[in-house]
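User: I would like to learn how to read salt bridges and backbone angles in a model. Could you walk me through them?

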Amino acid sequence: MGMQEPLRCPVCRAKFRGTRECSRCGADLSGIMMLSARAQLYRADARKSIYALNFEKARQLAAAAQKEHATETGRRLLLLTSWLNAAL
């Protein structure tokens, strides 16, 4: 679907490197990791809901994912699920 925007440290804006501690300033990034992981799970469940033809559930999951961690891929998934839901 596309690439996700890179996460950044909320303290110093360093690029997220997949560790619990920022490599630049030492800030705790475990919360950011949890948000990103939860958003990915919501998007995966939204895609499963599309395959199951449950478009309203897919739209709700895509919206929840965007709320947790907004990405271009997530925006496109939300647009698709909104369109599918409205087309019913």
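This is a predicted model: local features need pLDDT of at least 70, side-chain atom pairs count only at pLDDT 80 or more; totals for chains, interfaces and linings use all residues.

User: Which side chain does K48 meet in a salt bridge?

Analyst: Residues are numbered from 1 along each chain as its sequence is written, and side-chain values use heavy atoms, with hydrogens and water left out. Now the general idea: a salt bridge is a side-chain nitrogen of Lys or Arg within 4 Å of a carboxyl oxygen of Asp or Glu. Here, the side chain of K48 meets that of D45, at 4.0 Å from N to O.

User: Where do K48 and D45 sit in helix α1?

Analyst: Helices are DSSP runs of H or I with at least four residues, numbered from the N terminus. K48 and D45 are three residues apart in helix α1 (residues 30–51), so about one helical turn separates them.

User: How do I read accessibility, and is K48 buried or exposed?

Analyst: Buried means under 20% relative accessible area, exposed means over 50%, and partly exposed lies in between (1.4 Å probe, protein chains only). K48 is exposed because its relative accessibility is 57%, whereas D45, at 32%, counts as partly exposed.

User: How many salt bridges does a search of the whole structure find?

Analyst: The search finds five. Among them is the pair R59 and E56, whose closest N and O atoms are 2.8 Å apart. Both residues belong to helix α2 (residues 55–68), three residues apart, about one turn of the helix. R59 is partly exposed at 27%, and E56 is partly exposed at 27%.

User: Which residues are linked with E72 in a network of salt bridges?

Analyst: E72 is linked with R75 and R76. Between E72 and R75, the closest N and O atoms are 2.6 Å apart. These two are three residues apart in helix α3 (residues 72–86), so they are separated by about one helical turn. E72 has a relative accessible area of 26% and is partly exposed; R75, at 40%, is also partly exposed.

User: Let us turn to the backbone. What is the phi of R13?

Analyst: R13 has a positive phi of about 70°, although it is not a glycine. You will find R13 in the segment before α1.

User: And where does L53 lie?

Analyst: L53 lies in the loop between α1 and α2. Its phi is positive too, near 65°, in a residue other than glycine. L53 counts as exposed because its relative accessibility is 62%.
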